[in-house]
Protein chains: 2
Amino acid sequence: VSDVIPPTLAWKRGHIRVIDQRLLPGQLVFLDLATVDELCEAITTLAVRGAPALGVAGAMGIGLAALNGEPLEAAAARLLATRPTAVNLAWGVARALAAEDPVAESKRLAVEDVERNMRLGSHGAPLLPVGGRVYTHCNAGSLACVGYGTALGVIRAAHEAGREPSVWVGETRPALQGARLTAWELSRLRIPATLVTDSMAGPLMASFEVDCVVVGADRIAANGDVANKIGTYGLAVLAHHHRVPFYVAAPLSTVDFDCHDGTRIPIERRAREEVTSLGGVTTAPEGVEVDNRAFDVTPADLVSAIITEEGLARPPYSTSLADLAEAAGYLSDHD
Amino acid sequence: VSDVIPPTLAWKRGHIRVIDQRLLPGQLVFLDLATVDELCEAITTLAVRGAPALGVAGAMGIGLAALNGEPLEAAAARLLATRPTAVNLAWGVARALAAEDPVAESKRLAVEDVERNMRLGSHGAPLLPVGGRVYTHCNAGSLACVGYGTALGVIRAAHEAGREPSVWVGETRPALQGARLTAWELSRLRIPATLVTDSMAGPLMASFEVDCVVVGADRIAANGDVANKIGTYGLAVLAHHHRVPFYVAAPLSTVDFDCHDGTRIPIERRAREEVTSLGGVTTAPEGVEVDNRAFDVTPADLVSAIITEEGLARPPYSTSLADLAEAAGYLSDHD
């Protein structure tokens, strides 16, 4: 993996060292987290975020608890309470709890994460037309994982294969992960990118300036419904209206086979201040009501394909996702 | 008209006094503009904005030039160069140029603006179901006009008639006219409102939380295609997908009968800094490419009705708009 983007999180002398994503793109600063409480705080405040990264963070959190002699079950409960939508967090916590050595297991998951994303990227890259203009939303890049990225991993693999993609980066209000994180990653990778407000997606598609959409996912239901960053559903409707292919890139750990469809996915609501102020500047009248849902659900019938590390899932997803997971040994608990 | 929101612009002792909309919602401050250059600067920096307000501002600008003994044609050219999309600016400038006394004419237009918006509101209010939840975008309120508002005028008229509307206010990136201006107006008018990011529109419609959309317009082509703030087109596609009525509220001065369809409407592109920073805080990596189109075009077939001061226009708009304009004497130049 290229060293232009450091790992999002890694073990360093008994601490977890993470990139503090709250300070990007202005500063690349690392945080050393020594306790489960410090890790929970980093997750809640979005210093660490992104579904695959949260999976590894959950496992590392159990590792921290083990190193510090804290009760593992209590640590697990605190970690799981930080963010309700991403299923990977629960997956990583469960993997570490089931392991004999949680620290070693979390290290294994971190290595697997990058390898898996590179495989995912290689499966997805051929979907991007040569010279194609790809629209992405939020950050499903290296920073959302341990490294390489899922949606951005697909774009990166296409770039490395000489397919010369260029990228429309939706800024992704309210927390601006597109502007702050995705634009930063693409700039480091020297992949051509243009930043736009989320409202630009419609006119860009109407004028044939978008060849496909690629986004990540925070949880995928067994039927293929996709929970992802707020704004994803609107993008999917626009893509459908303009007959633009709409791809979701996510590892199989993002699929919740216990969740029949998207209506069962809990949607996190976040603080009003994310919408009413930015960097200390207040942009809305005092006391205004705010509805700030962090995610939305895109129904499976708006998704052209789901790109996983085991290959592409195509509709109907209830069978294609289960087949891929079974081939990868993911569903062994359900046998 | 209620005095809770002062007039957006008015003559004061030979100056034009305007609300400085750049400072809202934090401070209600007035600017006194003494020259055409000062007015042009106020328009360019969005201290004064909104299609109907720009119409009156254009007329007042010609009035200022007349008072200051400046050549009227040169003043007109400078005013017209400030904002290319809103056709009302050209309309107001032309009205003042054709008048014997430009100052008196601009005063007449200011009074007419408020009366027209109240009539427009009374035609539109019955479209809102009792207790209905209305989604609006950008600011088509009192601040976009001399007073009362167009899209917000419809909501205000429904409120005053006891229909008890509540409003979803899309924040409207990049300049946040929804968060800064519309939320402020609705709070002053004590109309229930909830602020959301632009990405929330899709999930709100999917969960049946939106009964209709009402927006303003910067220019309407003769066939009913509507240029309005970036994000309007995406909203219209979402409304169509969810079978939610999509209404455009605009005075007939917004209709450009010389413009056959939306492809002929010039779309203003604005500075990258509107997207990459807010209140001095930089939120994107240095040097990133930005595409910042200020407006988009919604095709007529996505518009359920156009609400004007002369009544509702329904499809096909090429005839219904022309009929309304003829009834109002607007098309006399074309006879």
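A salt bridge is taken here as a side-chain nitrogen of Lys or Arg within 4 Å of a carboxyl oxygen of Asp or Glu. By this rule, 40 salt bridges are found over all chains. The model is a predicted one.

Several of these pairs lie within a single chain. In chain A, A:Arg22 and A:Asp20 form a salt bridge, with 2.9 Å between the closest N and O atoms. A:Asp20 is buried, at 5% relative accessible area. A:Arg22 counts as partly exposed, because its relative accessibility is 37%. In chain B, B:Arg270 is joined to B:Glu268 by a salt bridge, the closest N and O atoms being 3.0 Å apart. Here B:Arg270 is buried, with a relative accessible area of 19%. B:Glu268 is buried as well, at 8%. A further salt bridge links B:Arg272 to B:Glu273, with the closest N and O atoms 3.9 Å apart. B:Arg272 is partly exposed at 31%, and B:Glu273 is partly exposed at 45%. Shared partners also connect salt bridges into one network, made up of A:Arg95, A:Glu105, A:Arg108, A:Glu112 and A:Arg116.

The interface of chain B and chain A was examined next. Each side is counted in turn: 48 residues come from chain B and 48 residues from chain A. The area buried between the chains is about 3800 Å², and carbon and sulfur atoms give 69% of this. Four salt bridges cross the interface. A:Arg173 and B:Glu171 meet through their side chains in a salt bridge of 2.7 Å, N to O. The interface also holds 10 residue pairs in polar contact. On the side of chain B that touches chain A, the elements giving two or more residues include helix H7 (177–189), strand S6 (193–196) and helix H9 (232–241) of chain B. H9(B) gives the most, with six residues. This side of chain B divides into 25 nonpolar, 14 polar and nine charged residues.

Strands also pair between the chains. Strand S14 (residues 289–290) of chain A and S6(B) run in the parallel sense, paired over two bridges. A:Glu289 stands opposite B:Thr194 in S6(B).

One loop residue of chain B was followed in detail. B:Leu127 lies between helix H5 (102–124) and strand S4 (133–136) of chain B. B:Leu127 counts as buried because its relative accessibility is 17%, and the cut-off for buried is under 20%. Beyond residues up to four places away in sequence, B:Leu127 touches B:Tyr247, B:Ile307, B:Leu312 and B:Arg314. B:Tyr247 is 120 residues away along the chain, yet the C-alpha atoms of B:Leu127 and B:Tyr247 are separated by 9.0 Å.

Technical notes: Residues are numbered from 1 along each chain as its sequence is written. Chains are lettered from A and ligands numbered from 1 in the order in which they are written. This is a predicted model: local features need pLDDT of at least 70, side-chain atom pairs count only at pLDDT 80 or more; totals for chains, interfaces and linings use all residues. Side-chain values use heavy atoms; hydrogens and water are left out. Helices (H or I, at least four residues) and strands (E, at least two) are DSSP runs, numbered from the N terminus. Buried means under 20% relative accessible area, exposed over 50%, partly exposed in between (1.4 Å probe, protein chains only). Contact means heavy atoms within 4.5 Å. Buried area is the accessible area (1.4 Å probe) that two parts lose on being put together, summed over both. A polar contact is a pair of N or O atoms within 3.5 Å; within protein, one must be able to donate a hydrogen and the other to accept it, and residues adjacent in sequence count only if both atoms are side-chain atoms. Ala, Val, Leu, Ile, Met, Phe, Trp, Tyr, Cys and Pro count as nonpolar, Asp, Glu, Lys and Arg as charged, and the others, Gly among them, as polar. Two strands pair if DSSP finds at least two bridges between them.
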